[in-house]
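The structure is shown below.

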Amino acid sequence: MPVVEIDPDELRELAGHDKPDEELKADLFGLGLEFEGETEDGTFQLEFAPDRLDRLSVEGVARSLRYQYGDVRGVYVPSTNDAEWRVEVEDVPEERPYVTAAVVRGVDMTEGKLESLIQLQEKLHATMGRKRAKGAIGVHDLAMVKGGAFDGDDRGKTITYTGIDPDGDSFVPLDADTEMTPADVLEDHPVGEKFADLVADYETYPAIYDDIGLFSFPPVINGKRTEVDEGSRDLLVEMTGTDQWTIDRMLAIVCYALDARGGRIEEVDIAYPDRETVRPDLETRTKSVAHDCIESTLGIDLEVEETIDLFERSGLGVEHDDGSYEVEIPPYRTDVLHPMDLVDDVGRAYGFNDLEPRYPDVSTVGGRHDRSKLERAARETLVGLGFEDLLNFHMISERENYERMGIDPESDTFGSGTPVRIEGPYSEDYTMLRTWALPSLAMVLENNTHRAYPQDIAEVGFAAARDDAESGGVTERRTVAGALARPDSSYEDAKARLQTIARNFGAELETPATTHPSFIDGRAASVVIDEETVGVVGELHPRVLVEHDLEVPVAAFEFDLAALR
């Protein structure tokens, strides 16, 4: 979970309430922000849900508190001044075609404001921007940007977003004293080396020019000439990326934070070769939810007026008509995707701690599902065999699931299959549902090479793959996976564990030889239970061990849990 550092004194000032630390922590917990500790200088370290990206800064957290306290209500949209600046888009790299921008005047930058802005920038890069791959932010001192006139209007000022040869024009990047070409930055600058992979395959590199020359090399680094410091007053905020919606939402979050600091938002014209737009995009959107849905989900009775008050104290606009609410959502709320997200906001404004538990009005007696009983029995058997029981994430990246295990998703190998991809993932580490569990176990072993061996780990978990034959287009299954990492680990060790599991469940086990790219040829077999091929067992291939920095042999197995029924 992301952790953001917040100065409590600055938070009190922006929220308008001088509360002691313990009360403030309780109020923050009510918002879903958990206190994780504090630094030596007393700065709060708060853990928050990664969907609320508007709370990545002290300004966003203070805004949420003011709504919670009832000091402000409903949707707030900053007013914007007409555009004086224009971004011309021409000959950009096809891999990074989109740009958005805003001018913010009158910020009067201080040390605290600058630190908050930098933290917000970096946290947005790490989350929504996918480590700058999907969206990257550049903030510049507007006084140091010289724009050219456009459309014969001497008052208008133009900058250009374009492509540049790697060894083309040079500029002085941040934290440097000499001019460097983009290729020089990637080779000789620490920041360039860190983000070189983002543009390594580009024929031309993204670049932003003003009348003086190159001043930004997105998504890698800005130029030193336009660096923002404590004396800056007016800012140019530009963002480039692979998806227009993503960078527009990132820009909205930054604009709201700067507006909270007294900045005045000014529009910027964006001129693509085939169209023109005006940014920032601060348009609201609407979503509907029924009153009955709110009451039944939260388990409370609410009057319409009370519900409207709770919506408004969540920073949302609302109109009620015929048992349903039309809710207006501000542009920084990227998390509202479903009516249940609105119900969650109402519950938080009401106070989840104020909800009174009650028995359901039904006469049935709960019991464990048959599948759950089977899972529990399998776990108990694995623990009895000396395995450490794990619970890993069901989501994974395609690189971890396929590439690092040496398998082709289009093959018929156990663990292959067309992935169920996540549309618009928040992290490049979690882009799909895993098709098998062994990659998760390999990652656990990789992260624990500093611990003593033997390490015998196992998981009874979830796996899924695309399947057009299924009604929902996805086949889901529970899988049993185990790995034995020890200096003397062998195929026979893994097979012995499998035999014990099969015997405990009264199943007949066979292990005919097979080949599998994750395992050593001649040291791998299919898992056949009751005459049905349901998995694989063997010694992990040296290529897989090296890929995961493992220095001891690993014997592993995986099979479908349903085979034990």
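In helix 1, which spans residues 8-15, the buried residues are Pro8, Glu10, Leu11, Arg12 and Ala15. Buried denotes under 20% relative accessible area, with a 1.4 Å probe and protein chains only. Helices (H or I, at least four residues) and strands (E, at least two) are DSSP runs, numbered from the N terminus. The model is predicted: local features need pLDDT of at least 70, side-chain atom pairs count only at pLDDT 80 or more, and totals for chains, interfaces and linings use all residues. Residues are numbered from 1 along each chain as its sequence is written, and side-chain values use heavy atoms, with hydrogens and water left out.

The cover over the buried residues of helix 1 includes strand 1 (3-6), strand 3 (44-47), helix 2 (21-30), helix 3 (58-69) and helix 4 (111-126); contact means heavy atoms within 4.5 Å. At the start of helix 1, the backbone nitrogen of aspartate 9 has a side-chain oxygen of aspartate 7 within 3.0 Å. Just after helix 1, glycine 16 adopts a positive phi of about 80°.

The model contains 3 cavities of 30 Å³ or more. A cavity is a set of points on a 1 Å grid over the protein atoms alone where a 1.4 Å probe fits but cannot get out, and its lining residues have an atom within 4 Å of a point. Grid points are joined across faces, edges and corners, and a volume is the space filled by probe spheres set on the points. Two of the cavities are set out below.

| Cavity | Volume | Lining by class |
|---|---|---|
| Largest | about 220 Å³ | 4 nonpolar, 4 polar, 8 charged residues |

Ala, Val, Leu, Ile, Met, Phe, Trp, Tyr, Cys and Pro count as nonpolar, Asp, Glu, Lys and Arg as charged, and the others, Gly among them, as polar.

Of the 16 residues lining the largest cavity, Leu31, Arg55, Ser64, Arg313 and Ser314 lie nearest its centre. Helix 3 and helix 10 (339-350) are the elements that give two or more residues to this lining, and helix 3 supplies the largest share, 4 residues. Domain 1 (3-69) and domain 3 (285-353) each contribute at least three residues to the lining of the largest cavity; the domain bounds come from an automatic or database domain assignment.

The lining of the second largest cavity includes Ser57, Glu59, Val107, Ala257, Leu258 and Arg261. Helix 4 and helix 7 (244-260) are the elements that give two or more residues to this lining. The largest share, 4 residues, comes from helix 4.

Technical notes: Buried means under 20% relative accessible area, exposed over 50%, partly exposed in between (1.4 Å probe, protein chains only). A polar contact is a pair of N or O atoms within 3.5 Å; within protein, one must be able to donate a hydrogen and the other to accept it, and residues adjacent in sequence count only if both atoms are side-chain atoms. On a 1 Å grid over the protein atoms alone, a cavity is a set of points where a 1.4 Å probe fits but cannot get out, and a pocket is an open set with protein on both sides within 12 Å along at least five of seven lines; lining residues have an atom within 4 Å of a point.
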